[in-house]
2 protein chains.
Amino acid sequence: MPTNEFFEKSIFLSNWFSILLVTCVAVLLRCLLAKVDVAKYLWGHHHEEIACDLANNSKEGHCEEYISALPEVEHVPYIGATITLPGGSRQFYEMANNRRSVRAFKPHPIPAFEVIENCILAAGCAPSGAHTEPWTFCVISNKDLKHRIRCIVEREEEINYGQRMSKQWRSDLRPLKTNHIKSYLTDAPYLILVFKQVYGFTKSGKRKQHYYNEISVSIAVGILLCALQAAGLSSLVTTPLNCGAALCRLLNRPINEKLLVLMPIGYPSDNCLIPNFKRKELKDIVFVK
Amino acid sequence: MPTNEFFEKSIFLSNWFSILLVTCVAVLLRCLLAKVDVAKYLWGHHHEEIACDLANNSKEGHCEEYISALPEVEHVPYIGATITLPGGSRQFYEMANNRRSVRAFKPHPIPAFEVIENCILAAGCAPSGAHTEPWTFCVISNKDLKHRIRCIVEREEEINYGQRMSKQWRSDLRPLKTNHIKSYLTDAPYLILVFKQVYGFTKSGKRKQHYYNEISVSIAVGILLCALQAAGLSSLVTTPLNCGAALCRLLNRPINEKLLVLMPIGYPSDNCLIPNFKRKELKDIVFVK
């Protein structure tokens, strides 16, 4: 069949120009919306990850037109850490090494709410890109709400374990003996859902960039874990796959917040078991020059 | 000009079929390589971020064929945190709140290397996706190497401040009084470069998935910050834009490692100034139900 005949017979090919046009417009629109240049979009833009979502549009007028999201504060002397531990780094390491992820909690005793508040205050001392403090900590102790969270998570986790997670992933989790049943979500006296604010708002309601928000909020989670351990509480860092949107809706979170982690908080149940893993040795994680 | 004439006159249009074919093949190849489905690729795949880089290929054979990257260890009883702080969460919060980001360090005294080791050991106690421990901490005290790192960072930062960073970003940083000169990189007695291992290797040399590696390593950085504070040391979490590749080359890091953060470690200089920021209040970061 000669090309012309082939061309005339196919609906797709006879409309080639419209299809090409629509495709090009779609790609261009997508790039415009995401502020990504076309070449980067077509060939992937994950190579310098840190750069890609930050270093956008540098040609947007004069610097003087832009108001800093932070107040222009005075700079004051700082003499360094004065509140430390008597046993220093050794004491801190022993405390950190005593922490383990717990998947079985007892409902009682309920830790004092003030303790949870102090731990979150400590987490809020984390550094953040341009001091944006892009975190929200939702503390749930209401039984009905914990139950609804568990329903959402278990429904998704059943699909995760059955379909979404790769065979390799499920095999990698086997030594942890996890499955889609998450009784810790109703057993633990508290759940802390940590949200990252992917952007914020200035006082005048303008959108405010939150630089490196995921790294900043994860660092805050690291500090939260240490604070909980210092208070004698146990926890578990979970990242329930595909539950973010439903949990945001349930808790009425604003559109700029995305769930980063969900942590049950409390004391281990009396028959709590943990996998007897060893941590990597210093020589396997440090490289000295 | 009738369509046919227009069609014959343009090189692009007369080769429409080849161009369409090449474009389709390119898009398909890209999707295959990134294991993303075509629709997701064309319309963006950042919506359920946690899901997208993890929940790939679930139809890859039987679970039994896959060996867990972790050993199948016994499960042992855990009674919860036994090494805590006498002052609990309040003492921990006061310590965390005493920490500030420092941009001016003094070269002496040099903290004992053992202290740095303990702090990194503590960071290595962070939880991680499927216990993959996807971190490498490079500790640099060699003067020549610190100087070379400073050269790389300052060269890129000059371009960052001049071209890559948006005007808004530079305005947002103005209250911090930063610029491309990074004297702390040679003044601080130690630099710790924290790398995330985006994947790992099994004993047999097979590629091993590192689930949620960026969140895991950032949590470890949070613990590292607390350990340094406990030891009386100051630091600064920096994410030098576009320097990752050059620093990986300089330090001969394997291809599975990407720079997450670069931290100068030591004591503040005698004339160290910090911006007099207030942290957000509890009511602005907590939401209770």
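Biologist: Before we start, what should I know about UniProt annotations here?

Modeller: UniProt feature names are shortened, and annotations may be inferred rather than shown by experiment. Also, this is a predicted model.

Biologist: Okay. Which feature does UniProt place at residues 98–267 of chain A?

Modeller: The unreviewed UniProt entry puts "domain: Nitroreductase" there.

Biologist: How far apart are the end C-alpha atoms of that span?

Modeller: They lie 14 Å apart. Residues 98–267 of chain A are 41% helix and 21% strand.

Biologist: Switching to the surface. Which residues make the nonpolar patch of about 360 Å²?

Modeller: Phe17(A), Leu21(A), Val25(A) and Leu29(A) make it.

Biologist: Where is Val25(A)?

Modeller: Val25(A) sits in helix H3 of chain A, which covers residues 16–34.

Biologist: Why is Val25(A) called partly exposed?

Modeller: Because its relative accessible area is 44%.

Biologist: Which residues are on each side?

Modeller: Trp135(B), Phe137(B) and Val139(B) are on one side of E3(B). Thr136(B), Cys138(B) and Ile140(B) are on the other.

Biologist: Does E3(B) pair with E10 of chain A in the parallel or antiparallel sense?

Modeller: Parallel, over 3 bridges. Strand E10 of chain A spans residues 286–288. Val286(A) stands opposite Phe137(B).

Biologist: And how many bridges join E3(B) and E4 of chain B?

Modeller: E3(B) and E4(B) pair over 6 bridges, in the antiparallel sense. There, Ile140(B) stands opposite Leu191(B).

Key
Residues are numbered from 1 along each chain as its sequence is written. Chains are lettered from A and ligands numbered from 1 in the order in which they are written. This is a predicted model: local features need pLDDT of at least 70, side-chain atom pairs count only at pLDDT 80 or more; totals for chains, interfaces and linings use all residues. Side-chain values use heavy atoms; hydrogens and water are left out. Helices (H or I, at least four residues) and strands (E, at least two) are DSSP runs, numbered from the N terminus. Patches are made of residues with over 30% relative accessible area and no salt bridge: like charges are joined within 9 Å, nonpolar side chains (Val, Leu, Ile, Met, Phe, Trp, Tyr) within 5 Å. Accessible areas come from the Shrake-Rupley method with a 1.4 Å probe; for residues, only the protein chains shown count as cover. A salt bridge is a side-chain nitrogen of Lys or Arg within 4 Å of a carboxyl oxygen of Asp or Glu. Buried means under 20% relative accessible area, exposed over 50%, partly exposed in between (1.4 Å probe, protein chains only). Two strands pair if DSSP finds at least two bridges between them.
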